[in-house]
Amino acid sequence: MNGASITQAMAEPPVCGGRMPRFQRPHASVPQFTNSPTMIVMVGLPARGKTYISKKLTRYLNWIGVPTKVFNVGQYRREAVKSYKSFEFFRPDNEEAMKIRKACAVAALKDVCEYFTREHGQVAVFDATNTTRERREVILSFAKENGYKVFFVESLCDDPEIIAENIKQVKLSSPDYIGCDKEEAVADFLKRIECYKITYVPLDDDKDRNLSYIKIFNVGSRYLVNRVQDHIQSRIVYYLMNIHVTPRTIYLCRHGESELNLLGRIGGDSGLSPRGIKFAAALGTYIRSQCIPDLKIWTSHMRRTIQTAEAVGVPYEQWKALNEIDAGVCEEMTYEEIQDHYPEEFALRDQDKYRYRYPKGESYEDLVHRLEPVIMELERQENVLVICHQAVMRCLLAYFLDKSAEELPYLKCPLHTVLKLTPVAYGCKVESIFLNIEAVNTHRDKPMNVDVSRDPEEALLTVPEHI
Amino acid sequence: MMRGAGRSKNTQNLDRTVCMTNCPTLIVTVGLPARGKTYISKKLTRYLNWIGVPTKEFNVGQYRREFVKIYKSFEFFRPDNEEGLKIRKQCASAALNDVRQYLTDEGGQVAVFDATNTTRERRDTIIRFAEQNGFKVFFVESVCEDPDVIAENIVQVKLGSPDYTHCNTEEAVEDFMKRIKCYENSYQTLDEVLDRELSYIKIIDVGRRYLVNRVQDHIQSRIVYYLMNIHITPRSIYLCRHGESDLNVKGRIGGDSGLSERGKEFAKRLGQFIQEQDISDLKVWTSQMKRTIQTAEALSVPYEQWKALNEIDAGVCEEMMYEEIQEHYPLEFALRDQDKYRYRYPKGESYEDLVQRLEPVIMELERQENVLVICHQAVMRCLLAYFLDKSAEELPYLKCPLHTVLKLTPVAYGCKVESICLNVEAVNTHRDRPENVDVSRMAEEALLTVPAHQ
């Protein structure tokens with residue numbers, strides 16, 4: 001969509017309250033990133049982290065609102081060739097296999113086209129080795145025909161330890177190696193890599209000087225960036241340069257129960273209730289018991305998170321960006337009062353909780369944009385405990401667990417519960433640790449009836465109990 | 001690392017961006033003359049200061065000019081000129097000494113050491129110096145062989161240099177080219193293998209390509225991101241506020257009102273002005289508030305809305321007149337006058353918060369070419385302060401009157417500003433800092449500088 005279609009529809013200025021037709025994106029906090037769709041094309045030998053990067057990048061782009069999808073050619077191959085026999089399939093002189101592999105790449109490209117034209121995708125990540133100039137030419141021609149931009153991401157690594165760890169984490173459990181014993185699998189996979197090495201032509205400083213690409217050396221100690229064309233490519237480069245694979249743990253929790261929580265009131269800036277104070281102490285004990293090296297603690301600028309952090313007894317940093325969602329005119333109201341004073345707003349929110357913006361307040365969509373620098377810094381860091389708020393924690397959790405905009409506002413983030421996130425393989429392991437201090441429930445599910453004409457009882461059906 | 005201490009309003013609540021690094025950082029430029037080192041140094045310094053990281057540049061050429069009062073010719077730079085070499089080495093040492101003072105005693109966070117630093121030997125000296133003092137080092141090398149770029153560079157900044165005030169253009173160019181030659185033979189570029197343990201970015205051909213090695217921390221990551229987004233393609237940035245609004249006329253701050261009749265007239269004139277300027281590929285940006293959108297609508301060109309461009313949130317004071325603020329919140333009103341940059345309205349924002357909010361806008365402005373930004377008073381002050389390198393003290397008092405367009409054109413090391421008043425009357429919304437900012441002041445003293453309104 002370009003600016004013209006946005007303004008045509010805006011015959012009158014937008015009304016506060018996020019009452020925008022669904023087909024538009026004018027309330028996005030940032031303008032459109034790209035005009036033409038972008039293909040990100042991975043390049044590299046097996047076990048160089050291409051799929052890891054593809055999945056992570058896709059998760060990040062979707063989270064910030066850029067519709068993105070991964071097309072993993074290996075998946076297509078697994079569907080075409082029902083059972084994997086051995087590395088012999090990948091031998092460069094195996095003509096039968098070459099035909100199949102090429103057909104799979106073509107099928108994937110077709111789906112890319114479909115994604116862009118029918119499904120309104122903005123970015124497609126083409127995850128395959130793409131190690132020959134010939135294959136990359138095919139992709140470039142395809143993109144040119146269709147008016148797509150191309151950005152290559154090449155991962156080069158010659159550190160045998162990294163490759164071994166890679167094989168352990170994601171190859172041994174691959175569908176290709178079910179039922180194989182570990183040593184056999186490793187031996188076969190290493191031979192598979194050798195098959196590719198013979199014909200591997202990395203992106204060349206001179207011959208490929210007109211292409212747009214980033215080369216990542218040894219998991220990020222060095223990068224070569226060539227001809228960044230636009231905003232989205234610049235953001236992708238920035239993201240790729242900030243992520244790392246060092247093992248670490250991220251802890252997410254909310255502040256202890258607050259006085260306003262007890263009263264069933266949203267927002268505000270109250271202090272902790274007596275149980276909230278108990279939680280803070282319990283949090284301190286828990287953290288100490290975890291013996292986390294070099295733990296960083298982050299809070300918002302609001303009293304309740306700061307009070308919680310104080311009890312842990314470790315230096316902490318305050319981020320304004322971690323403040324709870326601003327409920328505008330509904331700040332410090334109970335849901336009953338919102339239903340009473342703003343029944344229409346209340347219904348609109350239930351209709352589209354992600355994009356709905358409180359009058360003079362924020363939407364979840366706004367929150368995500370506000371939190372993007374926090375996510376970027378979380379990627380750079382190692383062990384971090386983030387003490388934040390319900391809506392904020394939902395946004396952060398959605399990033400780590402790849403939840404959609406529809407799911408995000410309904411993620412369960414109860415008080416007095418710590419979520420421990422550990423990156424593993426292509427995703428994140430989550431452990432939920434309830435610290436055994438009772439607290440009110442602040443989670444309001446989506447009610448059955450979201451119609452503007454509904455009765456108050458129907459609207460308030462899912463409101464949790466409070467004083 | 002800062003410990004929180006409850007919700008204190010002013011300096012304690014410094015936002016996180018200020019404490020990005022633990023030890024200070026020394027940025028060291030590397031490159032032959034006329035490769036844009038000083039341009040990059042100044043721009044980077046301006047950006048870092050704007051986002052709240054105290055930064056200062058140390059240009060060794062300046063030290064040389066102070067030492068050797070009169071520049072005679074390129075002969076000074078000949079590698080076999082022992083006298084010259086001695087002086088140049090002394091100047092580098094003097095500069096490093098000042099760097100140490102700035103980073104250790106004056107609260108500086110980043111120092112930009114702007115010199116050619118083209119030999120490994122010189123760079124090793126700097127690395128040792130940094131190690132001794134506990135500074136991190138990040139090199140920024142600019143490599144360029146495009147003769148057109150170098151020629152343009154010389155025209156833009158060398159001809160006007162103090163070194164060449166007594167020369168005519170041809171003499172100056174010839175001498176400068178010989179000066180570059182003096183450095184070429186001993187130039188040792190940062191090497192992929194020999195320098196693999198160093199942290200650096202190599203900028204090749206004005207940004208066509210970058211090589212980034214061993215980024216150590218957040219500030220270096222931000223610096224790399226910034227350097228990869230700036231360009232030198234000629235362009236203009238137009239800044240203006242929305243047309244006069246109904247709340248402006250009543251002397252009320254904030255809110256989300258529509259344009260007054262005069263505001264609508266301004267929007268029309270703005271449309272004509274833009275047409276006359278005949279700007280190629282102009283992008284138009286607005287906030288998500290009615291008054292900027294209405295203004296853009298009159299231009300009949302596509303525009304993009306940024307929430308980040310919304311006016312500063314005055315919290316509990318939204319839609320009040322200054323007289324009402326004085327009446328209901330006299331303490332807040334005084335505190336604001338004491339430190340307008342850092343003061344945060346209760347349940348609202350500070351200018352400092354605004355700058356944080358606007359950083360992605362600035363980053364995208366750097367990437368873009370011709371842009372017209374239709375925004376608001378406080379927002380425009382923040383953007384202007386970035387382009388014109390204004391301090392946090394000056395920023396909240398920059399004059400950004402209604403119905404006036406500021407045209408900014410990058411030139412040499414800075415920005416040329418043209419102020420174009422579109423000749424449509426409007427209220428004045430600029431409130432100067434009053435004499436008395438004391439909490440105990442009288443109402444009249446507080447309201448002395450409030451501009452007239454209905």
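How far apart do the C-alpha centres of domain 1 of chain A and domain 2 of chain A lie? In this predicted model, they lie 36 Å apart.

**View 1. Chain A is assigned two domains, 38-241 and 250-461.** Domain 1 of chain A brings 15 residues to the contact, and domain 2 of chain A brings 17 residues. Together the two domains bury about 1,500 Å², with 62% of that area on carbon and sulfur atoms. On the side of domain 1 of chain A, Arg59(A), Trp63(A) and Val170(A) lose the most area, together 47% of what that side buries.

**View 2. Salt bridges and polar contacts link the two domains of chain A.** The count of salt bridges between domain 1 of chain A and domain 2 of chain A is two. Look also for Lys56(A) and Glu379(A), whose side chains meet in a salt bridge at 3.0 Å, N to O. Seven residue pairs are in polar contact across the interface.

View 3. H2(A) supplies the largest share, seven residues. By class, this side has eight nonpolar, two polar and five charged residues.

**View 4. Ala47(A) and Val219(A) have a positive phi.** Most residues other than glycine have a negative phi. For Ala47(A), in the loop between strand E1 (38-43) and helix H2 (50-63) of chain A, phi is near 65 degrees. Ala47(A) is buried, at 5% relative accessible area. Val219(A), with phi of about 55 degrees, sits in the loop between strands E5 (213-217) and E6 (222-226) of chain A; Val219(A) is partly exposed at 35%.

Note on methods
Residues numbered from 1 in each chain as written. Chains lettered and ligands numbered in written order. Predicted model: local features only at pLDDT ≥ 70, side-chain atom pairs only at ≥ 80, totals over all residues. Heavy atoms only, no water. Helix = DSSP H or I, 4+ residues; strand = E, 2+ residues; numbered from the N terminus. Buried < 20%, exposed > 50% of the residue type's maximum accessible area, 1.4 Å probe, protein only. Domains from an automatic or database assignment. Contact = heavy atoms within 4.5 Å. Buried area = accessible area lost by both parts, 1.4 Å probe. Salt bridge = Lys/Arg side-chain N within 4 Å of Asp/Glu carboxyl O. Polar contact = N/O pair within 3.5 Å; in protein donor to acceptor, adjacent residues only side chain to side chain. Nonpolar A, V, L, I, M, F, W, Y, C, P; charged D, E, K, R; others polar.
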